[in-house]
Amino acid sequence: MMMEGREEGRAGRSADWRVELSPAARRALEARSTPLYVEMELFFSCLIRKRLRWDRPPPGGALVLPSSGHPQLAAWFHPVMAQHCALPADAALEDLPLVDFPLSRRDTFRPHWLRIDYRGGAFSGDFGW
């Protein structure tokens, strides 16, 4: 099932943003009593990493992207950078202090799609351009 930015029947278009839910993800969302928050993090440092972070409410001022197909979903784009360039072991990479990455043209970097699945009791997915 694909959800896109504006209601037009079951799918619609809002610029070039779309959300795709697998049937399992749709069932899991419908079973939730609280919204699923999805952070699309793009990390800039000595390397670039993208990842989805689950169930972290958006900070104040975050631009939550349309998810008109399901009221239990809130997704936003969050570009961040490390305070200093370091390539620690993978486990330590999680602990690097991060700051918001100032983008003058954030919409240029904003992802165009988000895919969500649900397997083994956990949400998974990907996003891209």
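**Reading the fold**

A: The chain has three helices and nine strands. Helices (H or I, at least four residues) and strands (E, at least two) are DSSP runs, numbered from the N terminus. This is a predicted model: local features need pLDDT of at least 70, side-chain atom pairs count only at pLDDT 80 or more, and totals for chains, interfaces and linings use all residues. Residues are numbered from 1 along each chain as its sequence is written, and side-chain values use heavy atoms, with hydrogens and water left out.

Q: In what order do the elements of the chain run from the N terminus on?

A: The order is β-β-α-β-β-β-β-α-β-α-β-β.

Q: How much of the chain counts as buried?

A: Buried means under 20% relative accessible area, exposed over 50%, partly exposed in between (1.4 Å probe, protein chains only). Here, 40% of the 129 residues count as buried. Take glutamate 39, in strand β3. Glutamate 39 counts as buried because its relative accessibility is 3%.

Q: Which residues does glutamate 39 touch, not counting those up to four places away in sequence?

A: Contact means heavy atoms within 4.5 Å. With that exclusion, glutamate 39 touches Arg51, Leu52, Arg53, Arg56, Trp76 and His78.

Q: Where does arginine 32 lie, and which residues is it in contact with beyond four places in sequence?

A: Arginine 32 is in the loop between α1 (23-31) and β3 (36-44). Leaving aside neighbours within four places, its contacts are Asp55, Gln72 and Phe123. Glutamine 72 is 40 residues from arginine 32 in sequence, yet their C-alpha atoms are 7.6 Å apart.

Q: Which charged ends sit over rings?

A: A charge sits over a ring if NZ of Lys or CZ of Arg is within 6 Å of the ring centre and within 35 degrees of the ring normal. The charged end of lysine 50 sits over the ring of phenylalanine 127, 5.1 Å from its centre. For arginine 115 over the ring of tryptophan 113, the distance is 3.9 Å.
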